[in-house]
Amino acid sequence: MRIVPETYFAVSEELRLFGLSCAMGAVVGAAFDAVRAIRLILPHNRFLVAVEDAVFLLLYSMALTAFAAAAARGDLRAYFVIGNILGFLVYFVTLGSIVMKTLRKLFLTIGTCFGLILRPVRLIFAPLYKKVNVKFVRNLQIVVKRFKKIKIVLLKRPSMLYNKMENKKRKNVKNVVEKNET
């Protein structure tokens, strides 16, 4: 009698794996809320948001691979991803929305308190800012004027096209010679 290694899961095992993948999707949703909280605290431009999303997806793919290796004997099944998506969506719609609303209110309150604390400092530094800003604007205008002068001094490229028909027929040669004689 030969021993055949287990290559298939029973239905109950596959249901258990699907439930675990749904739970993993909820954990991924919580991790995504952490990334959203960082974006809320420190606003980013589009490039940094794209980099953060790429890193998040890379970490998710590593977690999915680790899940498949640990729980499913290295077999990655499509229903793992579907379970992750379902768990993520359930978390995102239910608990995730509550968490983000709470965080937004919290940061708005902290921002308001921080603004009240900084108001006296702003009143002291506002006149200084206006004076310094005028100097910087004046210096910037001087620099811009110098760049414009340099641009005027630089030679412009000739606009003659060699493949124009009038250049092939040499209609403009006479005009060039007459200009050089004067």
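This is a predicted model: local features need pLDDT of at least 70, side-chain atom pairs count only at pLDDT 80 or more; totals for chains, interfaces and linings use all residues.

The side chain of E14 takes part in a salt bridge with R77, in which the closest N and O atoms are 3.7 Å apart. E14 belongs to helix 1, which covers residues 11-41, while R77 sits in the loop between helix 2 (46-71) and helix 3 (78-153); the pair therefore ties together parts that are 63 residues apart in sequence. R77 is likewise partly exposed, since its relative accessible area is 22%.

R77 also forms a salt bridge with D75, and here the closest N and O atoms are 3.5 Å apart. Because these salt bridges share partners, E14, D75 and R77 are joined into one network. D75 has a relative accessible area of 28% and so is partly exposed.

Another salt bridge links D53 with R39, with 2.3 Å between the closest N and O atoms. D53 lies in helix 2 and R39 in helix 1, so this pair ties together parts that are 14 residues apart in sequence. For D53, the relative accessible area is 28%, which means that the residue is partly exposed.

The salt bridges described here are among the five that a search of the whole structure finds.

How values were computed: Residues are numbered from 1 along each chain as its sequence is written. Side-chain values use heavy atoms; hydrogens and water are left out. A salt bridge is a side-chain nitrogen of Lys or Arg within 4 Å of a carboxyl oxygen of Asp or Glu. Helices (H or I, at least four residues) and strands (E, at least two) are DSSP runs, numbered from the N terminus. Buried means under 20% relative accessible area, exposed over 50%, partly exposed in between (1.4 Å probe, protein chains only).
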